[in-house]
Structures are given as C-alpha cells and as structure tokens.
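Q: I would like to learn how to read the inside of a protein model, beginning with a single residue and its contacts. Could you take me through it step by step?

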Amino acid sequence: MEWWWTGVLCHPGWVVSTVVLGLVVRMQRKGSWNPRACPVDLTGKTAIVTGANTGIGKFIALDLARRKARVILACRSQERGQAALEEIRRKSHNSNVHLQLVDTSSLRSVRDFAHRINKEEKRLDILVNNAGASGLPKAMTSEGLELSFATNHLGPFLLTHLLLDLIKRSAPARIVNVSSANHWRGVVDFSHFHGENLTYRLDSVYNHTKLHNILCTSELARRLQGTGVTANSLHPGVVMTEVMRHYNWLIRALFNIVGFFFMKSSEEGAVSSIYCAVSEDVEGVTGKYFDSDCSLVLPAPLARDPALARKDWEVCKRLTGLSGGKDQ
C-alpha cells in the first residue's frame, strides 16, 4: 500500500497536474483592475502610506511613487523604513520619496508624526491607513489601551483626525482605510479598547479591530460630505504578508504552504488599496467598502449600522483625547 501511494505521488502525470492546478488557482487570485493600465498621474500630489516598509504598504507606496507623487513612508522602524525608501526610489525613479517614523500603537507617536506633517507639508492628497497586525500578544500600551486596538484602529483614527485640516485644504483628496473581510467575524464591545472581555484566539482580536475600521470610515465619510474629501475602506484579500509574524512557527508554516496556491502576493494584495487611492472609477465615491477585486460590496450588517458608527466615533474620540476639541 505504501509503495502504491509513493508510485502515484511520483508519477509524472500527478506532478504535472498538480503544477497546472496550482497555476490555475494562482491566476484566479488576480482581479480585473490592473494598476499598470491606469494612466492617472499624481505629479504635484502628496501621499502618506502607513506601514510602507513591507508587504502591501510597500507596493502601494511604490505605485504612487511611479505615478510621480511625493510619497511619505510612515514606518515604525528606521532601518526597515530606510531600506524600503531606497528600494522604492530605485524602482520608481522618483527621488521625492521620504521616510517619517510613527508607531500607530502609541498615541504620543501619532501626535508627534502629525505635528511634523502639518508643519512641513503644504498639502496631503492621499492618506492610506495600511499599518496593522494580527496575532499581537495580550498587552496594554502605556496609555492604557489594548495593543491590537491601539495599533490597528485608535492610532490610525487619531492620525486621520489630526491630518484632516491639511487633507481638506488639498481637496479633492482621498482617505483609504485598509480593513479586512475578517470584520464579518468581529463584534463591537467598547470594553475591548481597555483589554476587557477579549479572547486571544488566533485572529479574533484582529477581527474586532477591522470591524471598527469600517464603522469609523463610514462615519468619517458622512462628516466629510461637501468637503471634497472621500473616505473608503477595503479588503485587500487573503495576502501573504508579515501580518502573521506574531503567530507561532507552525501556524506560519501552514499559512505559507496554503498561501502559495490560494493567497495573494503582497503586490496583488495592494491592488484594491491603489484602486481606492487613484482610480477615476471611484472619484466622488465615499463611505463605501470594496473587496479584493475592487468591487463595491456590502460589509457585514453590523458595519452598516449608522447609529453604531456614530457611537463608535464618539468613543474613539474620547479615548484618543479628541472629545474636547473641534468636532469633525
């Protein structure tokens, strides 16, 4: 019996059919919109991409740089950010690419970053909130916030709010928030922000943060009506990125094996973000959610609740210290 299975697995026909099947499956991962076929030129425009030193973020930044935008890589690591900076400049032939450090898990870091941007930049046409992580350990930040919620939602929420005036002065402008289809498995419990009532099982906490991303994007779009600034969220697809780096080696190994056939590369995963950031198809479209094939789709029912979105917005404002400031 053992010899029979060995013979089947080593048979040339088996090998060829497996390779062909793998290639067919990989081809099915690609959507219909091709960034390379989009002629939009961003000369004179400024874009910020968070988490741009690796994965999806790096390919988003590379595309924007190829379109001749002034691109600011918002990264946590100086070393990795500098490496990405040099690579993007080289591949895009655009020297107007710059590195600014920010850690979205720290509200203080976000405030310092936003202060520098508002002081140094004359305009901001595109903001892509891409930075995020799954499987972060159970931990609280020094500011009393649960680590995953601070990194994936509250930090980007604060960053967007602090840059809004600059973005509105640059209108028409776009805000793009990278969420995930995992939001369908998320729930809203405001005690989560303080690390309470959470179960740290695989991507469960990540799923909750991605639901908050969509809710607050919808509310932001409502508040920005008439300003010329749009805000949309999206699912990049199931992508082979470093978002899984905090899981144990066995889960990462299985993820990589399955991912070779069924998951998108980081370059493929960047497509829906690029689409929302530059495509003429979404000009004036706001408060929507796009899937990994750049199609407009409905998010989960919870994500479409306007009352919940308003409540979420107010809670996030209070937690990030914005509740006493100008309401937007």
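A: Let us begin with I175, which touches L127, N129, T160, L164, I167, L220, L224, V229, T230, A231 and N232, leaving out residues up to four places away in sequence, where contact means heavy atoms within 4.5 Å. This is a predicted model, in which local features need pLDDT of at least 70 and side-chain atom pairs count only at pLDDT 80 or more, while totals for chains, interfaces and linings use all residues. Residues are numbered from 1 along each chain as its sequence is written, and side-chain values use heavy atoms, with hydrogens and water left out.

Q: How should I read empty space inside the model?

A: Rolling a probe the size of a water molecule over the atoms shows where empty space is left. On a 1 Å grid over the protein atoms alone, a cavity is a set of points where a 1.4 Å probe fits but cannot get out, and its lining residues have an atom within 4 Å of a point; grid points are joined across faces, edges and corners, and a volume is the space filled by probe spheres set on the points.

Q: Which residues and elements line the largest cavity?

A: Its lining has 18 residues, of which N129, P156, F157, T160 and N177 lie nearest the centre. At least two lining residues each come from α6 (147-169), β5 (173-178) and α7 (204-223), and α6 gives the most, with seven.

Q: What lines the second largest cavity?

A: The second largest cavity, with about 30 Å³ of space, is lined by K58, F59, L62, E87, I88 and K91. Both α3 (55-66) and α4 (78-92) supply at least two residues of this lining.

Q: Is G186 buried or exposed, and where in the chain does it sit?

A: G186 is placed in the loop between β5 and α7, and it counts as buried because its relative accessibility is 7%. Leaving aside neighbours within four places in sequence, G186 is in contact with N207, H208, L211 and L302. The C-alpha atoms of G186 and H208 are separated by 4.1 Å, although these residues are 22 apart along the chain.

Q: Why is helix α10 described as largely enclosed?

A: Eight of the eight residues of α10 (residues 271-278) are buried, so this helix is largely enclosed by the rest of the structure. The cover over its buried residues includes α3, β4 (126-129), β5, β6, α9 (266-269) and β7 (289-290).

How values were computed: 1 Å grid on protein atoms, 1.4 Å probe; cavity = no way out; pocket = protein on both sides within 12 Å on 5 of 7 lines; lining within 4 Å. Helix = DSSP H or I, 4+ residues; strand = E, 2+ residues; numbered from the N terminus. Buried < 20%, exposed > 50% of the residue type's maximum accessible area, 1.4 Å probe, protein only.
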